[in-house]
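Subject: Handing over a structure, with notes on its salt bridges

Dear colleague,

I am passing a structure on to you, and the notes below it describe what was found. Please keep it open while you read.

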Amino acid sequence: MNEKKVPLLMTPGPTIVPERILNALSKPLIHHREKEFLEMAQNCTDRLKEVFKTKNDLFTLTCSGTGAMEAAIANTISPGDKVLSLVNGVFSERLSNIATAFGATVRTVSVPWGQPVDVQKFKEIFQGGNYKMVTAVHNETSTGARNPISEIGKIVSQTESLFTVDAISSLGGDDIRTDEWGIDFCISGSQKCLMLPPGLGFLTVSEKAWPYIKKKQGGRFYFNLLKYKEKAPENPWTTAINLVFGLDECLNMIFEEGLDNRIKRHADVAAHCRAEIKKLGFKLFVNLESACSQTLTAIAASGKDIEKMRSIVKAKYNIQMSGGQKDLKGKIFRIGHMGVVGKKEVDITIEAIGKALKEI
Ligand SMILES: *Cc1c(COP(=O)(O)O)cnc(C)c1O
């Protein structure tokens, strides 16, 4: 059981920040326009590109993940532009909402929450539609479903359309191949598998996307990517210096372990979590095992009072999990297994769930 005063964070972001990173975050400031900082920032960008598997430009933005989502859209979409959004959960819906906020005419390909996007259905709607952009989420954190981004990317990359992918909850814990999959804007954030506090957003920008960005008239300032490109490796604004110290240490940890090993470890922990939770009589929310996220597990209520269970697990065992969002409230709960969360933490959590269920 979790005896520590510090809660055991088993949420799908923020996740546990390891001691090494906490120490790096608390280092004394250096100035963000001095050589020492810029070398560190450039070194972070180079290694992050390896994590994203890209040779494209990559920018570190001072914002949570949603800011990086907005940056992709604010730099390309003007009122009246056509956008096709693949929606199977809260976060993929958010991308469509941002596009709408920037005046786009948005068409959605919706599939029931808990299922991955249907590539055939997408293909039929996409063909001949002249969309300026297609948006999708790689790992739908609200449902635990993982989308077939490589197959969708193959189709989009043969056209003039830009492909924007939110990989916020998968980067660093699952395989992301930005260039091979034809992703023009690949987005991530600091507080998921990268084990940092919230506050940094990451965005890759393809060669194909730059002419669109240059043509865009107005409607952006803080996230104007032309300013970021011109200034790199400096950030046009004051950057979150301490978070970059943390990022540097996070990347040290990733490459000490090896990226492939790390991804494999996340897959193993996810498989373990699925197997153990089923032993308590729960059903997974995502039916198709191959579409299950490897950074979080979404579990159907399966006739149990999961909200009560979660509150007991929190009060008695000091372990925090997440409930369902929007329509899924009370219907599912979610266990995050990102970053340093391993089988041991999963076992502690599942034991607490079992005990709480007996109590109810
Ligand atoms: C966490 C998350 C976000 C949101 O990020 P914020 O950091 O809260 O802005 C977006 N998309 C996905 C898939 C996420 O998991």
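A salt bridge here is a side-chain nitrogen of Lys or Arg within 4 Å of a carboxyl oxygen of Asp or Glu. Please bear in mind that this is a predicted model, in which local features need pLDDT of at least 70 and side-chain atom pairs count only at pLDDT 80 or more, while totals for chains, interfaces and linings use all residues. Residues are numbered from 1 along each chain as its sequence is written, and side-chain values use heavy atoms, with hydrogens and water left out.

The structure holds 21 salt bridges. In one of them, Arg-177 pairs with Glu-180, and their closest N and O atoms are 3.2 Å apart. On relative accessible area (buried is under 20%, exposed over 50%, partly exposed in between, with a 1.4 Å probe and protein chains only), Arg-177 is partly exposed at 29%, whereas Glu-180 is exposed at 59%.

A second pair joins Glu-359 to Lys-316, at 2.9 Å from N to O. Glu-359 is partly exposed, with a relative accessible area of 43%, and Lys-316 is exposed, at 52%.

Returning to Arg-177 and Glu-180, salt bridges with shared partners link these two residues with Lys-53 and Asp-175 in one network.
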